[in-house]
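Good morning, everyone, and thank you for letting me take a few minutes of the meeting. Please have a look at the sequence and the structure first, and then I will walk through a few places in it.

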Amino acid sequence: MISSEQIAEQIARVSDALAAPLRRLRGPWGQALVIVALAVVCLGLIARQKTTTPFAYLLLFVFTVGIILLRRDRAAAVLCVALLLWIDWYGLIKVNSVIPLTLLAVGFFLVARALEGRIYLRPREWVPWARLPRSWLWAVVLLLGVLAFAHSPARTDAAYYFLTVLCLAPLFWALGTQVARTTADLRALLNMLTVIGVIVALHSIVESAAHVFLFETPGHRADVFTHGFFTLVTGSTKVIRASSFLGNPDSDGPFLAVMACCALGLLVTARAWPARLLAAAETLTIVIALLFTYTAAAWIAFGCALVVFLALATHGLRRVYLFGGTAVAGLAGYAIFRTHFAALFEHAQGPNELSLRIQIWDTAVHLIRAHPLLGIGLGLGAPYERVAAPVARALRDQLDSHPHNVFLELAALAGIPLLLAFLAVLALTIRRVLLYYLRATWEERALFAAVLAAVTVLCVDGLADRTWTLPPIAAVGWLILSAAAAPALGASLARASGHAAGRVALPAPPLPSMTMSASGPGSADPLGAIRRFDERIPDDIHD
C-alpha cells in the first residue's frame, strides 16, 4: 500500500519536472515573459468561446497552478490586480459569472500556498506560510457584512457588493502578507504595480489628449455617453476628462495618485542611474495623466501624500534636495501645462461642487442615524437611491448613487460596527508599517514612506469619493499596505537591525576575574551578549 509520504514525493517530482524547463530561463524577466504569454493565450482562448464561464474557470485554475510552479508570488499578486482591473471591473473580455474571477484566482493561490509545504513541494524548497496578524478583525467585518446582506433590498446588487468589496479586501490583504519577506520583495512588488500604473496613465493621456479611447467596449461607451463623455467646458476651452479603464475620472484620479506614490518610492530608492531615469519617467507619465483627469479631490490627496512622503522618505540634506527638486518640477509643470491647470482650478471652484457634496453627505448621515447597527443593506446605485430618496426629499438635498465618502458609505450600508472594525484593521496595519519604518535603514525607509503616502491618498480622497470600496483601487491599497506590514518582513528587519547593532557594539573580552557563568555578564564568550540580544528580538513586532 502506498503511503501518504510516497504520494507527496511523487507529486513533488512531477511539479519539479514541470517547472524545471521554465526555471532554466535567464532571470525573472524571462519567466515573467512566459507568464505574460501564458496569460495572453488564456485570455485569447476565453475570448473565442461562446460560453466563457466554465472555460474561464478551467484556464484560471491552470494558470494559477503554473504561477505556483514557478514560485512567483509577487507576479501572481500583480496579475490578480490586472485581472480585477481589466476583466472583472472594466469587462475587456465579457465573462458571464456572478462570482468575480479575481476572487477565485486569489482563493486558488492562497489555498495552494497554504497547503504547499504539505502536499506540493519538497521541504527544502518550501517557503513557510506567513501568519495573518489580527485576522479575526476581518472575520468580524465579514460577519457584519453577512448580517447587512441578509436584510438588503436587492440581493443581486448586495451579493456583488459583498463579493467585490467585503470579500476581496481581506483576500488581497492576506495575499500581501505572503508576497513580501524582505525589502527587496516589497520593492519588486511596487515595481510591478507601477507598470500597471504606467499602462493606465498612457491610456488616460491618449484618451484626453487625442480623444481616442483604446480597447473600448460597448458597455463603457454607453456609460460615458450618459455622462456626456466627461466633457469639461471652461470658458472657451473644452477638454475631455480621462476615465480610462476605471470608468470615471473621479476613480481614475486616485488610482493614478496611488501609482505615482509607488513610482516616487522607486525613484528615491534607485541606486543605478538607468533605474532612476526609468522611475523618473514613470513618475512623470503618471502625474501628467493625473492632471488629465481634472479631479480636484485626487490632487488634494496627492498633495497631502507628497507632504507625507517628503517628510518620511529622506533626512538631512537629501530631504532639502528632494523638497527643492519637487518644487522646481512643480513650477516647470505648471508653466508647461498652464491651461490644463487653469481648467482644473476652474472645475474645483465650480459653484456646485462643494455644496452638492455636503448635501449628499447630509443624506448619508441621516441614513446612518436611522440605521446605526446594520445599515440599510448592501448595494449602490438604484438600491441605494430607492432607500435614500425619501430622506433626500425631506431634507431637500441632492441625491446620488453613493454617499461620495467611503467611510459614510460603509456605515450607511452595513452599520457603524462594521465601519469601526474596518477602521481597526486599517489603523493596526498602518501602525505595523510605522514600526517597520522605524526599524528599517534610511535607504529602505523610502519604500515604507511610499506605501504610507499611497494610504494617505486613499484616506484623503475617500472623504470625497470611493477609494477603499472601489475594487481596483482597494485591491492595490490593501496589497501594498499588507505587504509593507507583513510579519516575515518585520522579522527580517528585526534580524538585520539586531545584527547591525551587534556589529556596532561588539563587547570587549572580559577579565578573567569578572567571569561568573557561561552566559552571564562576565562570560568569556564575547558573542554571548549578541546572542542574548538576538533572543530578545521577537520574530515579529508585537501588535
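Predicted model: local features only at pLDDT ≥ 70, side-chain atom pairs only at ≥ 80, totals over all residues.

**From one leucine to the aromatic rings**

Is Leu413 buried or exposed? Leu413 is buried, because its relative accessible area is 0%, and buried means under 20%. As for what surrounds it, Leu413 touches a list of residues that includes Ala148, Tyr161, Leu374 and Tyr384, leaving aside residues up to four places away in sequence. Leu374 is 39 residues from Leu413 along the chain, and yet the C-alpha atoms of the two are separated by 7.4 Å.

Let me turn now to two helices. In helix α14, which covers residues 338-348, the residues Phe341, Ala343, Leu344 and His347 are buried. Looking down the axis of α14, we see these buried residues fall within an arc of 155°, and so they line one face of the helix. The exposed residues Arg338 and Thr339 are carried on the face of α14 that is turned away from the buried side. From its first C-alpha to its last, α20 reaches 20 Å, which is close to the 20 Å expected at 1.5 Å a residue.

My last topic is the aromatic rings. How many aromatic pairs does a search of the whole structure find? The search finds 15. In one of them, the ring centres of Phe213 and Phe245 are 6.4 Å apart and the planes stand at 75°, so this pair is edge-to-face. Phe213 lies in the loop between α8 and α9, while Phe245 lies in the loop between β2 and α10, so the pair ties together parts that are 32 residues apart in sequence. Both Phe213 and Phe245 are buried. Trp299 and Phe302 also make an edge-to-face pair, because their ring centres are 6.0 Å apart and their planes are at 85°. These two residues are three apart in helix α12, and are therefore separated by about one helical turn.

Finally, there are two places where a charge meets a ring: Arg155 lies over the face of Phe149, 5.5 Å from the ring centre, and the charged end of Arg445 sits over the ring of Tyr437, at 4.9 Å from its centre.

Note on methods: Residues numbered from 1 in each chain as written. Heavy atoms only, no water. Phe/Tyr/Trp six-rings, centres within 6.5 Å; stacked < 30°, edge-to-face > 60°. Helix = DSSP H or I, 4+ residues; strand = E, 2+ residues; numbered from the N terminus. Buried < 20%, exposed > 50% of the residue type's maximum accessible area, 1.4 Å probe, protein only. Lys NZ or Arg CZ within 6 Å of the ring centre and 35° of its normal. Arc of directions from axis to C-beta. Expected span 1.5 Å × (residues − 1). Contact = heavy atoms within 4.5 Å.
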